[in-house]
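Hi everyone, thanks for making time for this. I'd like to walk you through one structure, contact by contact, so let's bring it up on the screen.

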Amino acid sequence: MDKILVTRSSIPPLEEYVEEIKPLWESHWLTNMGEKHKALQAELKKYLEVPEIELFTNGHMALEMALQALELPEGGEVITTPFTFASTTHAIVRNGLEPVFCDIDPETFTMDPGKIEALITPKTCAILPVHVYGNICDVDAIGAIAKRHGLRVVYDAAHAFGETYKGVGVGNFGDISCFSFHATKVFNTIEGGAATYRDPELGKRLYELKNFGIRGPESVVSVGANAKMNEFCAAMGLCNLRHLEVEIKKRQAVVERYREHLEGIPGIQLNAVQAEVQYNYAYFPVLFDEREFGANRDQVMERLAENGIGARKYFYPLTNAFGCFQGKYDMSDTPIAAELADKVLTLPLYADLLLETVDSICDIIMELKR
Ligand SMILES: *Cc1c(COP(=O)(O)O)cnc(C)c1O
């Protein structure tokens with residue numbers, strides 16, 4: 001068997017991409033909100049069923065600029081989750097804000113809304129939850145808490161592209177939702193991201209922030225940075241979007257095959273299935289309970305690696321245990337997240353993964369079962 005990586009980027013037929021970028025050779029307009037940028041923005045607004053959208057160089061800059069656009073008080077506290085990718089926490093810290101870590105729900109891996117209010121102080125200004133593995137946060141409870149305490153809400157929706165919750169596009173929740181179009185995500189623009197929002201005032205700020213805070217030739221109104229999606233990335237997005245429905249269907253077949261093998265095995269916990277969510281099948285996380293299964297996460301990962309199969313400890317370590325924070329945070333404050341981070345392994349999942357390969361991967365895992 002060839003080496004299997006945990007993910008494999010979707011790309012359109014080469015001819016289709018060449019056709020898409022041909023006009024750039026005529027216009028010589030390569031970035032700064034050109035035709036491709038505008039076209040992708042319009043397409044995504046429709047696809048995500050959101051009122052407004054702003055494109056960025058990547059998901060991380062969307063998050064950073066979403067927080068900056070909200071003009072939160074210097075040193076303000078942002079309640080967030082440690083069970084996420086580095087980007088979420090870094091976006092808070094790089095804005096001069098203070099992350100406060102809330103524990104997660106053991107079934108959906110998303111922020112436990114029952115634990116938010118105990119963390120609110122006079123300095124709390126926002127909540128930054130993550131739709132982990134495409135599971136949607138308890139947006140109703142979080143929205144109610146935010147309203148009660150006058151807090152802003154930014155969702156990290158990097159895992160939830162194109163999903164709906166109770167029939168509503170996930171980009172509609174909170175003040176802003178941020179998506180990632182990184183090469184490894186369900187929908188990619190090579191590198192890219194977006195922020196969706198409702199308030200046009202926020203939109204103006206997001207637009208300016210991604211272009212150095214420039215409003216006009218002689219007017220610079222905020223300390224922005226450079227986070228404009230270029231035309232080649234936007235063109236890639238326009239192509240990939242045409243194939244997305246088929247790609248998601250193929251991913252679904254892979255996920256169903258995994259479930260056939262691994263559902264109901266003692267010591268194995270699979271991702272919850274939320275009835276109200278239309279999934280994008282982005283990830284296949286599996287939790288191994290050593291006592292019941294007979295092998296722990298690290299042993300499973302090692303055995304897969306010996307067979308040329310890549311799996312990923314995603315998310316491990318927790319962001320509140322990162323070396324860069326030098327012990328400032330204590331992961332014993334989020335015990336459920338700490339426990340799950342030790343158990344979780346995400347298995348290979350991409351549209352063209354063969355179902356026979358899924359069978360082999362599951363056979364290798366099951367050999368370790370006591
Ligand atoms: C991928 C990802 C990001 C960052 O997106 P980039 O486009 O890589 O900058 C942020 N949060 C989560 C949860 C992610 O998975």
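On the α7 side you can find A253, V254, R257, Y258, H261 and L262, and they meet L355, V358, D359, I361, C362 and M366 of α11. Sorted by class, the residues of this contact of α7 with α11 are nine nonpolar, one polar and two charged. Before I go further, please keep in mind that this is a predicted model.

How do we describe such a pair? Two packed helices are characterised by the angle between their axes and by the distance between those axes. For α7 and α11, which covers residues 355-367, the axes come within 10 Å and cross at roughly 30 degrees. With angles under 35 degrees counted as roughly parallel, that makes α7 roughly parallel to α11. The handedness of the α7 and α11 crossing is right-handed.

Now stay with α7, as there is another partner to look at. Helix α1, residues 14-27, has an axis that comes within 9 Å of that of α7, and the two cross at roughly 145 degrees. This crossing of α1 and α7 is right-handed. From α1, the contact takes E16, Y17, E20, I21, L24 and W25; from α7, it takes E231, F232, A235, M236, L238, C239, R242 and H243. In the contact of α1 with α7, the classes come out as nine nonpolar, one polar and four charged residues.

H28 is not a glycine, and yet its phi is positive, at about 60 degrees. You'll find H28 in the loop between α1 and α2, the latter being residues 35-48.

Next, what does α7 lie across? Helix α7, residues 231-262, lies across β12, β14 and β15, and it runs at about 20 degrees to β14. Helix α9, residues 297-306, also packs on the sheet: α9 touches β14 and β15, and its direction makes about 30 degrees with that of β15.

So let's look at that sheet itself. It is an open sheet of three strands in the order β12-β14-β15, and the pairing is antiparallel. β12 (268-270) and β15 (344-347) stand at the edges with a single partner strand each, so one side of each has no neighbour in the sheet. On average, and ignoring direction, neighbouring strands of this sheet are turned by 30 degrees against each other. Strand β14, residues 284-288, pairs with β15 in the antiparallel sense over four bridges.

α9 passes α11 in a right-handed crossing. On α9 the residues are V300, R303 and L304, and they meet I361, I364, I365 and E367 of α11. This contact of α9 with α11 has five nonpolar, no polar and two charged residues. Notice that I361 of α11 turns up here, and that I361 is also in the contact with α7.

The bond joining Y314 and F315 is cis, with omega about 20 degrees, and F315 lies in the loop between α9 and α10, residues 335-343. The peptide bond from Y316 to P317 is cis too, with omega near -5 degrees, and P317 is in the loop between α9 and α10.

There is another open sheet of three strands, with the order β7-β6-β13 and antiparallel pairing. Here β7 (168-169) and β13 (277-278) are at the edges, each with a single partner strand, so one side of each is left without a neighbour in the sheet. Strand β6, residues 164-165, is joined to β7 by two bridges, and they run antiparallel. T164 stands opposite G169 in β7.

Finally, let's zoom out. The chain has eleven helices and 15 strands. Along its principal axes, the C-alpha trace spans about 70 × 55 × 40 Å. For 370 residues, a compact globule would have a radius of gyration near 21 Å, and the chain has 21 Å, which agrees.

That's my tour; happy to take questions!

Note on methods:
Residues numbered from 1 in each chain as written. Predicted model: local features only at pLDDT ≥ 70, side-chain atom pairs only at ≥ 80, totals over all residues. Heavy atoms only, no water. Pairing = 2+ DSSP bridges. Axes fitted to C-alpha atoms, helices over the stretch in contact; angles between N-to-C directions. Contact = heavy atoms within 4.5 Å. Parallel < 35°, antiparallel > 145°, perpendicular 65-115°, else oblique. Left-handed = near helix turned anticlockwise from the far one by under 90°. Nonpolar A, V, L, I, M, F, W, Y, C, P; charged D, E, K, R; others polar. Rg over C-alpha atoms; globule rule 2.2 N^0.38 Å.
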